Amino acid sequence: MSIPTSCNNAGIVMIVDDTPDNLRLLSKILESQGFKVRKTVSGKMAIQAAKIEPPDLILLDINMPDINGYEVCRQLKSQKETVNIPIIFISALDKTTDKVMAFEIGGVDYITKPFQDSEVLARVKNQFIIRQQQQQLIVQNQQLKQEIGERKRAEAALVLANRQLNLFAHLDGLTGVANRRKFDEYLSLEWQRLFREQLPLSLLLCDVDFFKKYNDTYGHVAGDHCLQQVAKTIRFSVKRPADLVARYGGEEFAVILSNTNFGGAMYVGEVIRKEVHNLKIVHAQSKVDESVTLSIGVTTIVPNLEFSPDTLIAMADKALYAAKAQGRNRIVAENLK
């Protein structure tokens with residue numbers, strides 16, 4: 001795959017949407033930038049076409065009459081011919097649960113309708129850049145294998161390249177923090193470890209307040225930059241190497257705090273909330289402050305047989321919901337310890 005520079009050297013994008021007007025508009029946007037476009041109004045037809053001749057990227061609607069976009073994604077990710085095709089969901093559904101579902105089943109990004117031309121192009125081009133970097137790492141891996149004569153040197157270089165590939169696969173392409181896959185894996189590992197040691201595990205769920213209004217006011221390019229600044233601030237606020245900051249979905253971030261009690265988790269949460277507020281990112285449409293703010297849900301538990309990692313997530317999500325209901329720009333806790 002290469003980043004399109006002209007119509008003679010273009011990436012192939014498949015658009016799956018049962019609304020002809022959306023197909024025409026998206027095709028016009030992408031073809032104007034040199035992308036080759038394939039269109040289909042059916043999820044079933046999209047699965048068959050992608051298997052026969054895989055595109056470089058798929059823009060996938062969720063609400064369709066035959067099978068919905070979630071099921072299309074699941075089937076594509078279950079087939080070896082299509083498992084590596086990046087999928088960007090594009091839908092009028094804008095609830096956090098819809099976006100989280102999209103990321104959980106293998107989507108790499110999510111665009112909310114009605115969309116803007118610049119947002120579509122920015123997100124599509126971003127996926128081509130990511131894919132190109134992945135291909136470059138693979139090529140470097142192959143070159144190392146061919147060029148290094150001594151077995152030990154070759155093995156060491158390949159190990160390094162594979163670590164880089166593994167690291168890239170666990171990073172969120174926009175913000176540079178861990179992605180949802182890494183979050184799920186790390187939470188499971190830390191749950192098992194702290195279960196054995198009977199030490200506390202804390203989880204923070206952080207949501208950017210009124211982020212949709214921010215996007216609508218300043219545009220999605222500015223919205224992406226805002227998320228990058230917030231992610232960087234959260235990462236620098238979490239000091240210990242054993243802790244993990246991840247993009248949980250859309251404008252939500254998660255922080256896993258290993259061997260951290262309830263008081264420690266509340267302290268870290270307050271540091272994060274204050275530091276993000278101190279960025280003074282102007283948000284004229286916010287109902288709680290003139291700047292971008294966070295709502296944070298916190299929960300702590302000593303892992304045991306009665307609960308599971310999903311319990312920890314559910315309680316943190318409940319606390320986050322309460323923080324929003326109580327006025328946002330605040331921390332609410334559910335302490336299970």
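Predicted model: local features only at pLDDT ≥ 70, side-chain atom pairs only at ≥ 80, totals over all residues.
How many bridges join strand β1 to strand β3, and do the two run parallel or antiparallel?

1. Strand pairing. Strand β1, residues 12-16, is joined to strand β3, residues 57-60, by 4 bridges, and the two strands run parallel. Within this pairing, M14 has I58 of β3 as its bridge partner.

2. Helices on the sheet. Helix α1, spanning residues 20-31, lies across β1, β2, β3 and β4 (87-91). Its direction is at about 170° to that of β2. Helix α3, formed by residues 69-77, also packs on the sheet, where it touches β3 and β4. The angle between the directions of α3 and β4 is about 175°.

3. Sheet architecture. The sheet is open and consists of 5 strands in the order β2-β1-β3-β4-β5, with parallel pairing. Strands β2 (36-40) and β5 (109-112) form the edges, each pairing on one side only. From one strand to the next, the twist averages 20°.

4. Cysteines. The structure contains 0 disulfides. For C226, the nearest cysteine sulfur belongs to C206 and is 13 Å away; the cut-off for a disulfide is a pair of cysteine sulfur atoms within 2.5 Å, so C226 is in none.

5. C73 has a relative accessible area of 0%. Buried means under 20%, and C73 therefore counts as buried. C226 is likewise buried, because its relative accessibility is 0%.

Note on methods: Residues numbered from 1 in each chain as written. Heavy atoms only, no water. Pairing = 2+ DSSP bridges. Axes fitted to C-alpha atoms, helices over the stretch in contact; angles between N-to-C directions. Contact = heavy atoms within 4.5 Å. Buried < 20%, exposed > 50% of the residue type's maximum accessible area, 1.4 Å probe, protein only.
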